[in-house]
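Welcome! Let us take a friendly walk through a protein model, beginning with the whole and then visiting a few residues.

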Amino acid sequence: MTCRTGLLWDSPLMFSRLIEDCGACCETVNPYMLASPFWRGKFVSLIVPTGFANPDYSNLLPALRAAEERIRRFVENGGRLLVFGAGCCREDAYDWLPFPVTYAFSYGPRAVRFVGESNYASLFSGYDLTAVECDGSFPAHGGETLAASATGEALLVGKALGDGMILVSSIHEYPSREFLKEFSCGDRETLF
């Protein structure tokens, strides 16, 4: 079993310490590394934190767009990708993903319920599901709605692609430790 996560962001974040506390090696992948065709890394999973499309917080979106094909190949070859809310009013914030996702920015607490059985229910372990902070929803997408608000807004979308998985979440909270342990560890690393 190997545990290695790439955290895509402009600079190191406290999030990386949480991932490491859960037993995984965590490497910050900045926009220059991400967009470079010469840089390579091997990971079980990649995580894109909240606010990636908001230029007030990050310069990550252009790099994600430049690395669109590499991201698709990473997932198809068995990698796992977790993407959080864009953090701004940009419907096109997820146009770099290999399936369509439309994002509607709207920050506030929501009651969260799982639509059916999910391997990813541990994402919310330990949270009060009657009032989870979210930064928006996904009114249109080409994946499967895994969790929704009481009013039916998609809050967690999943899409299997090749041998890997993409999760898109508008939950504005750190994932649970249980989830990070499962998501960051696997039988093998995948070349990115």
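## Ground rules

A residue is called buried when its relative accessible area is under 20%, exposed when it is over 50%, and partly exposed in between (1.4 Å probe, protein chains only). Please keep in mind that this is a predicted model: local features need pLDDT of at least 70, side-chain atom pairs count only at pLDDT 80 or more, and totals for chains, interfaces and linings use all residues. Residues are numbered from 1 along each chain as its sequence is written, and side-chain values use heavy atoms, with hydrogens and water left out.

## The overall picture

The protein has 5 helices and 13 strands. Here helices (H or I, at least four residues) and strands (E, at least two) are DSSP runs, numbered from the N terminus. The radius of gyration is 15 Å, close to the 16 Å that the globule rule gives for 192 residues, so the protein is as compact as a globular protein of that length. That radius is taken over C-alpha atoms, and the rule is 2.2 Å times the number of residues to the power 0.38. Along the principal axes, the C-alpha atoms fill a box of roughly 45 × 35 × 30 Å.

Of the 192 residues, 51% count as buried. A contact means heavy atoms within 4.5 Å. Among contacts between residues at least 6 apart in sequence, 70% join residues at least 24 apart.

## Aromatic rings

A pair of aromatic rings is described by the distance of the centres and the angle of the planes. Rings of Phe, Tyr and Trp (its six-membered ring) pair if their centres lie within 6.5 Å; planes under 30 degrees apart count as stacked, over 60 as edge-to-face and the rest as tilted. How many aromatic pairs does this rule give? The count comes to 12. In one of them, the ring centres of Phe 74 and Phe 192 are 5.8 Å apart and the planes stand at 85°, so this pair is edge-to-face. Phe 74 sits in helix 4 (residues 68–76) and Phe 192 in the segment after strand 13 (190–191), so the pair links parts of the chain 118 residues apart. Phe 74 is buried, at 0% relative accessible area, and Phe 192 is buried too, at 3%.

Tyr 103 and Phe 138 form a tilted pair, with 5.8 Å from centre to centre and 45° between the planes. Since Tyr 103 lies in strand 6 (residues 101–110) and Phe 138 in strand 8 (residues 132–141), the pair ties together parts that are 35 residues apart in sequence. Both of these residues are buried. Ring pairs also link Phe 52, Tyr 94, Trp 96, Tyr 103 and Phe 138 into a cluster.

Lys 42 belongs to strand 3 (residues 42–43) and is partly exposed, with a relative accessible area of 47%. Not counting residues up to four places away in sequence, Lys 42 touches Arg 4, Glu 189, Thr 190 and Leu 191.

Where does Gly 152 lie? Gly 152 is in the loop between strand 9 (144–149) and strand 10 (154–161), and it is partly exposed at 45% relative accessibility. Leu 129 is found in the loop between strand 7 (112–114) and strand 8, and is partly exposed at 32%. Leaving aside neighbours within four places in sequence, Leu 129 is in contact with Arg 110, Ala 111, Val 112 and Phe 124.
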